[in-house]
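Hi,

Here is the structure I promised to pass on. Have a look at it first, and then read my notes below.

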Amino acid sequence: QVQLVQSGGGSVQAGGSLRLSCARSGHISEIKCMAWFRQTPGEEREGIAVFYAGQTYYIDSVKGRFTVSEDNAENTLYLQMNNLKPDDTAMYYCAADKVRCPLSILLYEYNYWGQGTQVTVSP
């Protein structure tokens with residue numbers, strides 16, 4: 001099994017930055033790819049970035065502002081968020097899977113999820 005523990009959320013003003021962390025433990029060799037999602041109340045969970053083999057795909061709304069990176073020595077995946085906007089306010093989740101990492105969870109169930117961390121951006 002794999003455990004994902006998140007940290008780094010908080011509140012910032014528009015234009016500010018936050019860095020989210022997702023620490024991995026357990027049977028890490030099972031992981032083939034990872035992804036970052038976010039969700040606001042009453043809305044579906046939205047995939048914003050997929051990380052695989054050192055490469056990342058970002059959705060257009062965060063491209064150029066958000067950056068995914070990893071520290072293999074610490075077994076941690078990061079999401080650096082710059083120039084934050086009020087629309088970025090959401091609960092942010094990291095996820096990992098043994099097979100694939102689609103941006104949509106409508107027809108797929110990820111194997112592992114972090115507990116989520118709140119990001120609030122004030123105007």
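What share of the 123 residues in the protein is buried? The figure comes to 41%. Before going further, please keep in mind that this is a predicted model.

Overall fold

Along the principal axes, the C-alpha trace spans about 40 × 35 × 25 Å. If you take the contacts with a separation of 6 or more, 58% of them come from residues 24 or more positions apart.

The cores

The largest nonpolar core has 28 residues. Trp 36, Ile 48, Leu 79, Met 81 and Tyr 92 are the ones with the most contacts inside it. Two or more residues each come from β1 (2-7), β3 (18-26), β4 (33-39), β5 (46-52), β7, β8 (76-81), β9 (90-97) and β11. Of these, β9 gives the most to this core, with 4 residues.

Leaving out residues up to four places away in sequence, Tyr 92 touches Gln 6, Leu 20, Phe 37, Arg 38, Ile 48, Phe 66, Leu 79, Met 81, Gly 116, Thr 117 and Val 119. There is also a second, separate core of 9 residues, and among them are Cys 33, Phe 37, Val 50 and Cys 101.

Ala 96 sits in strand β9. Is Ala 96 buried or exposed? Its relative accessible area is 0%, so Ala 96 is buried. Beyond residues up to four places away in sequence, Ala 96 touches Leu 4, Ile 31, Cys 33, Met 34, Tyr 110, Asn 111 and Tyr 112. Ile 48 is 48 residues from Ala 96 in sequence, and the two C-alpha atoms are 14 Å apart in space.

Buried residues in loops

Arg 65 lies in the loop between β6 (55-58) and β7 (66-71). With a relative accessible area of 11%, Arg 65 falls under the 20% cut-off and is therefore buried. Which residues does Arg 65 contact, leaving aside neighbours within four places in sequence? They are Gln 80, Met 81, Asn 82, Asn 83, Leu 84, Lys 85 and Asp 88.

The other is Gly 114, in the loop between β10 (112-113) and β11 (117-122). Gly 114 counts as buried because its relative accessibility is 10%. Not counting residues up to four places away in sequence, Gly 114 touches Leu 4, Gln 6, Tyr 93 and Cys 94. Leu 77 is 37 residues away from Gly 114 in sequence, with 11 Å between the C-alpha atoms.

Positive phi and a partly exposed serine

Most residues other than glycine have a negative phi. Two residues here are worth a look on that score. Ala 53, which is not a glycine, has a positive phi of about 50°. Ala 53 is found in the loop between β5 and β6, and it is exposed, with a relative accessible area of 65%. Asn 83 also has a positive phi, near 50°, and lies in the loop between β8 and β9. At 40% relative accessibility, Asn 83 counts as partly exposed. Asn 83 is also one of the residues in contact with Arg 65.

Finally, Ser 104 lies in the loop between β9 and β10. Ser 104 is partly exposed, at 44% relative accessibility. How far apart are Ser 104 and Gly 15 in space, C-alpha to C-alpha? The distance is 28 Å, for a sequence separation of 89 residues.

Cheers

Technical notes
Residues are numbered from 1 along each chain as its sequence is written. This is a predicted model: local features need pLDDT of at least 70, side-chain atom pairs count only at pLDDT 80 or more; totals for chains, interfaces and linings use all residues. Side-chain values use heavy atoms; hydrogens and water are left out. Buried means under 20% relative accessible area, exposed over 50%, partly exposed in between (1.4 Å probe, protein chains only). Contact means heavy atoms within 4.5 Å. A nonpolar core is a set of buried Ala, Val, Leu, Ile, Met, Phe, Trp, Tyr and Cys residues joined through side-chain atoms within 4.5 Å.
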